[in-house]
Amino acid sequence: MNLELLIRIVALIAILGTAVVYGTDVFCAIVLRPALAEIDDDALVSVTGKVHRYGDRRMPVPGVLGAVAAAAGAVLSAITGHWTQAVAAGTAVVALLIWIALYTRVSAPINRQLTAAADTGCALPNGRALQAKWDHIINARAALQGVAVVSLCATLAL
């Protein structure tokens, strides 16, 4: 298999993995956030805790697959001297690294608190405030994933 074909395969894998996370973040930003604003605090904690329990277990697979494939695409493109593709894939990698930083520093700690409260059935008096903090970065997270998807599509198209 030649390296050009491998770059395209890796870019396609990166697009598919990243698109799963992008779609999830967009759904959360435009559907879940306003829906959760209309329910009471106890239901908010229960629902978001359960959503995060499953999301935090399952979403790393496509997320890691997308990020690793994007990085592999950037490296392979650079090695073969396909600089436009390397820059596009590198842009995706940077966007994904920023997304990972936002997720690990802001979203994941909130997810753990909401999940623990939902799992134990304990009231979480600051649940609405935690959700507001989580909501505060969901648009940025979705935008970063969008930049990554577009950049990876450019890698594939060039």
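Student: How many residues does helix α3 have, and how far does α3 reach from its first C-alpha to its last?
Tutor: Before that, note that this is a predicted model, where local features need pLDDT of at least 70, side-chain atom pairs count only at pLDDT 80 or more, and totals for chains, interfaces and linings use all residues. Residues are numbered from 1 along each chain as its sequence is written, and side-chain values use heavy atoms, leaving out hydrogens and water. Helices are DSSP runs (H or I, at least four residues), numbered from the N terminus. Helix α3, residues 60-79, has 20 residues and reaches 28 Å, close to the 28 Å expected at 1.5 Å a residue (1.5 Å times one less than the number of residues).

Student: Which residues of α3 are buried?
Tutor: In an α-helix there are 3.6 residues a turn, so residues three or four places apart point the same way. Here the buried ones (under 20% relative accessible area, 1.4 Å probe, protein chains only) are P62, G66, A69, A70, G73, A74, L76 and S77. They pack against α1, α2, α4 and α5 (contact means heavy atoms within 4.5 Å). After α3 comes G81, with a positive phi near 75°.

Student: Is I30 buried or exposed?
Tutor: I30, found in helix α1, counts as exposed because its relative accessibility is 60%, and exposed means over 50%. In sequence I30 and I138 are 108 residues apart, yet their C-alphas are 9.5 Å apart in space.

Definitions and conventions. Helices (H or I, at least four residues) and strands (E, at least two) are DSSP runs, numbered from the N terminus.
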